[in-house]
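Trainee: I am new to this structure. Please pick a single part and take me through it closely, then show me how the rest is built.

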Amino acid sequence: MFNKIMKLGQKKFNKSDQENTSGVNTVVRSSRPTPSAPASNGESQTAAAPSPSQTPNHPMFTTPPSLEVLPLLKDVSSSDRPLLFMKKAHMCSCQCDFSDSLIMPREKEIKRQTLLELVDFLHSSSGKVNETMQSELIRMVSANMFRCLPPAHYENTGAPPEGNDPEEEEPYLEPWWPHLQLVYELLLRYVVSSEIEPKTAKKFINHTFVSRLLDLFDSEDPREREYLKTVLHRIYGKFIFHRPFIRCSIYNIFYKYLYETERCVGIGELLEILGSVINGFTVPMREEHVLYLVKAILPLHKSKGISIFHQQLSYCVVQFVEKDYKLADAVIRGLLKYWPLTNCNKEVLFLGELEEVLDVTEPSEFQHCVVPLFRRIGKCLNSANFQVAERALFLWNNEHIVGLIAENKDVIFPIIFEALERNMKGHWNQAVHGLSENVRRMFMEMDTELFEECEKQHAENEAKACELLEQREMTWKRLEEAAAN
């Protein structure tokens with residue numbers, strides 16, 4: 001009687017296993033994979049997907065994942081491989097404690113070896129991954145990657161963010177990077193695999209996934225941000241339908257940085273991605289792209305932490321001008337709008353970027369902004385900081401810029417001449433004094449008559465200034481005498 005009851009219970013259990021298809025993914029409890037159901041349409045078993053009872057929806061996957069040794073993928077038959085792949089992927093959803101190297105050493109090594117095997121499987125030509133396997137793979141990747149990031153250093157110490165130089169601080173390194181790196185490598189192999197069809201993969205690499213991926217650019221670990229940059233760039237290249245969303249999301253991150261957080265951890269990597277994206281824009285430039293240039297990219301120049309990502313920002317700006325020369329005027333005026341007034345190091349960066357922009361500027365666009373541009377350059381020439389003055393004078397070493405100046409010398413000479421004369425008479429740095437003399441000589445050789453006219457005008461202005469100073473001194477003297485009487 002007891003045996004009958006046991007057999008009846010076993011039959012009911014097997015029946016409920018087959019009917020239950022609503023479970024969630026997760027873990028492996030047996031060390032041997034179950035063979036896949038044979039294909040019913042005459043196809044080979046190597047291409048057959050696991051039967052419903054063998055997918056992660058099966059009750060055997062509903063228990064929390066645990067790390068245990070499973071057979072190697074290469075050691076099982078091709079029909080058993082899909083289910084074993086899902087078991088291994090689900091097993092790797094288990095998190096390990098890296099707070100202490102003595103905790104879970106065996107489990108950590110099992111997970112590391114399993115992740116390495118999955119990476120090799122995707123990289124190999126025999127790594128066929130069906131839709132069910134992809135689903136389980138992305139679940140595992142999400143479970144490992146998407147997490148709460150630790151606060152920044154200044155958020156822990158209470159120190160103000162502007163008082164910390166991120167370039168001098170030691171970067172924070174994720175303690176469980178040995179596993180996380182393999183997860184990123186696995187995701188990268190998945191995205192670049194020619195065996196993965198974008199139409200199938202977009203079910204898993206959707207807008208939510210991409211949005212959470214972008215959130216990880218706040219990570220303090222530079223190694224993780226480098227992987228994120230590569231993965232996101234590959235996603236942008238492969239999934240054409242995600243491109244507008246990715247661009248818009250990157251610009252939204254810029255807005256958030258500018259007007260809310262001022263946390264600039266991953267801005268440089270995002271600008272690197274954007275630089276290659278801009279390089280692929282068609283001409284004439286769409287209004288949407290021009291709007292984002294003016295509203296999101298150029299305002300980054302007012303950031304306090306611009307030194308961290310200025311190289312990437314400058315590249316993006318120059319890419320816009322190279323793509324559409326008509327944007328040169330808007331870019332130059334944008335630089336002048338956010339020009340630093342008290343930060344000399346930042347001013348040197350701006351002068352370097354300005355030279356790169358002018359180097360790709362057409363004469364027709366240069367004429368539109370020549371007056372405000374050289375008024376600012378004239379102020380830089382007279383800067384008490386020798387690095388600023390020297391960097392401004394180096395603009396005359398660029399042949400293209402000298403050519404632009406020569407075409408507009410009638411406007412530029414009167415603006416710059418006075419600044420050069422001040423440097424010749426009173427600048428404390430000898431290098432600046434010598435460079436100013438070289439530029440002055442260049443002007444004289446370029447147009448002697450105009451140079452003499454500017455010299456004459458400068459002498460008249462000096463005389464008027466001296467006369468005005470004498471009148472002011474006499475007025476004060478009369479006031480003092482009147483007060484004394």
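Mentor: **A close look at helix α12**

Start with helix α12, residues 287-297. Its buried residues are H289, Y292, L293, A296 and I297. Look down the axis of α12: these buried residues fall within an arc of 115 degrees, so they line one face of the helix. Keep in mind that this is a predicted model.

Now see what that face meets.

Step back to the whole chain. The protein chain has 22 helices and 0 strands. Of its 485 residues, 45% are buried. Take the contacts with a separation of 6 or more: 75% of them join residues 24 or more positions apart. The accessible surface comes to about 25,400 Å². Carbon and sulfur atoms account for 52% of that surface.

Next, the interior. In soluble globular proteins, nonpolar side chains tend to be buried together. Here the largest nonpolar core has 128 residues. Those with the most contacts inside this core are M145, L187, Y190, L213, F254, F374 and W396. Helix α6, residues 177-192, gives the core its largest share, 10 residues.

Finish with L187. Set aside its neighbours within four places in sequence. L187 then contacts I138, V141, M145, I205, F209, L213 and V231. Two of these partners, M145 and L213, are also listed with L187 among the residues with the most contacts inside the core.

Methods
Residues numbered from 1 in each chain as written. Predicted model: local features only at pLDDT ≥ 70, side-chain atom pairs only at ≥ 80, totals over all residues. Heavy atoms only, no water. Helix = DSSP H or I, 4+ residues; strand = E, 2+ residues; numbered from the N terminus. Buried < 20%, exposed > 50% of the residue type's maximum accessible area, 1.4 Å probe, protein only. Contact = heavy atoms within 4.5 Å. Areas by Shrake-Rupley, 256 points an atom, 1.4 Å probe, with all protein chains shown as cover. Arc of directions from axis to C-beta. Core = buried A, V, L, I, M, F, W, Y, C linked by side-chain atoms within 4.5 Å.
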